[in-house]
Amino acid sequence: MSDFFNQFGGMLWQGTLDTLYMVLLSTIFGYIIGLPLGIILTITSKEGITPRPAVYRILDVIVNILRSIPFLILLIMIMPMTKVIVGKSYGTAATVVPLVVSAAPFIAREVESSLKEVDKGVIEMAQSMGASNGTIIWKVLIPEARTSLIVNAAIVVGTILGYSAMAGTVGGGGLGDIAIQYGYYRYETGVMMITVVILVVLVQILQGIGMGLAGRLDHRK
Amino acid sequence: MEPIIRVRDMCKTFTTDEGTVTAADHISFEIEKGDIYGIIGLSGAGKSTLVRCLNMLERPDSGSVVVDGKEMTALSFRKLREERKGMGMIFQHFNLLMQRTVLDNVCFPLEIAGMSKAEARKKAMECLETVGLSEKARAYPAQLSGGQKQRVAIARVLASNPKIILSDEATSALDPQTTKSILELLQKINREMGITIVIITHEMAVIQQICHHVAVLEKGKMVESGTVEEIFRHPKTDAARKLIISSGPQTIREMYGRRAVRITFGKQSSYEPVIGNVTIKFGAPVNILYANTRDLGGMAVGEMILQLPDDKKVQDNMIAYLKERGLGVDELEGYVNHE
């Protein structure tokens, strides 16, 4: 047992850190793009506060297209773009690019569905008081939907974690990479199992944080 | 005096999957400053659309809406937002921000107005005191009862010092006791602060308790308007009659067999024993189906529903006699069962 950890422990620890780095960075960039996109989708839709059918249709189509490309294919498809941005097309930093491209439209949809849950009556109340659209977005839509936004963020992080492991198959770095290298090519089933356990534990922890935070910030009970 | 609200020839239609619905059909009316003006109608009559056309939450297709001297339909979005700050609105489902405390809910319009946080909180506390909820300042809406939630909504509206309060079925989700206390609060606000109140409701009891004037809405048309007493004692349209009668006990309808009339007594006519006199004078009995005294804004008005004898001639004479005595007499034709 101790031999096992002496042999693989350092590598697994590094893999975990790499994975967390990829996931964290991709989530941050994903939200930098996805959050505004989700807000625009919400407010420009037919029932939104400033309906813009043309804008909505265009964004809607783009999001749908990106959402329907399987991650592994997207990863390979945009390799030239990744190379331009990061300088190389493999490794942890390079994996962040396809992760963001894949996560942003997913996040936009999640944000849209959260914001659409906000009671129309409350929005009407804000309008009746002379609130601007900006005020409605920042003081009504987002705060009122925050529980749902956080719960969805936990789902987003879980999904990105899964994708990051997939990126391992093409040299993406992190735990996924280790699982492929050792579990698949070298028949080290033990190492593969440990990476799976670490991934499961990570998802559990992230979910737990998300749910706990959401519960604490929810005053609707 | 210039009315605070003047609507002229306003129309609004909606296109739905089932076709076009006319929600406002050439509506014209005026509301005086300081009035409590009721707009009553059954569901689907266009009440909510009408009130939303006053603050442009809905844009009328045509016609004019002048509020406090400003033509609302001509304002830019920015100017419109300024004007809206002078007209608060309260709703059936309260529409409180569930993730904010009571105090922060009341601060909301003050934040929109750009007031500093400390100043806003001070003002909000004053408003909560006015509605009797200052001890709930730190609670969240989910912890309050329906009546308390509506009080918070009223405090929130008061925070922006409105000239007008629009009440859209504000008591419809509340029990009768709570309804009464909310209406008393609105009445107090009207009396002490001189705020004009427009009340949308489907309940005659609400109109009766606090309104000075009332308009009856049916299928997008304003079919009748006047003082509450006028409409109550001499309803001219079926729509008004239905609303008044249906606020009495539901079982009467089944008791109508022969020709029936509804009579109302004001101040002058309450003392004379009219029913006794009718029976003696015509030598035929009348059947009292229903009798009640209602409080119309502090004035007692009696009403009765009488079933008349079979003879058509006697019936006509009786009706003529009752009218002559200064009573409000109203035939309940819609309810007579001709077999």
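**Helix α12 of chain B**

I looked up which residues of α12(B) are buried, and in this predicted model they are B:Gln315, B:Met318 and B:Leu322. I noted that these residues cover an arc of only 65° around the axis, which puts them on the same side of α12(B). On the other side of the helix I found B:Lys313, B:Asp316, B:Ala320 and B:Glu324, which are exposed. I then asked what the buried residues of α12(B) pack against, and the elements turned out to be β11 (260–265), α11 (274–282) and β14 (328–331) of chain B.

Just after α12(B) I came upon B:Gly326, which takes a positive phi of about 85°.

**Strand β9 of chain B**

Which strands pair with β9(B), and in what sense? I found that β3(B), residues 36–40, pairs with β9(B) in the parallel sense over 4 bridges, and that B:Tyr37 stands opposite B:His213. With β10(B), residues 221–227, the pairing is antiparallel and runs over 6 bridges; here I noted B:Glu224 as the bridge partner of B:Val216. The hairpin of β9(B) and β10(B) has 2 residues between the strands, and in this hairpin B:Lys219 takes a positive phi near 45°.

**Chain B as a whole**

Stepping back, I counted 12 helices and 14 strands in chain B, whose C-alpha atoms fill a box of roughly 80 × 45 × 40 Å along the principal axes. Of the 339 residues in the chain, 43% are buried. Among contacts between residues at least 6 apart in sequence, I noted that 68% join residues at least 24 apart.

**Contact with chain A**

Last, I looked at the contact between the chains, which takes 19 residues from chain A and 19 residues from chain B. On the side of chain A that touches chain B, the elements giving two or more residues are α6 (120–128) and α7 (133–144) of chain A, and α6(A) gives the most, with 6 residues. By class, I recorded 6 nonpolar, 7 polar and 6 charged residues on that side of chain A.

Methods: Residues numbered from 1 in each chain as written. Chains lettered and ligands numbered in written order. Predicted model: local features only at pLDDT ≥ 70, side-chain atom pairs only at ≥ 80, totals over all residues. Buried ≥ 20, exposed ≤ 12 C-beta atoms within 10 Å, placed from the backbone. Contact = placed C-beta atoms within 7 Å. Nonpolar A, V, L, I, M, F, W, Y, C, P; charged D, E, K, R; others polar. Pairing = 2+ DSSP bridges. Arc of directions from axis to C-beta.
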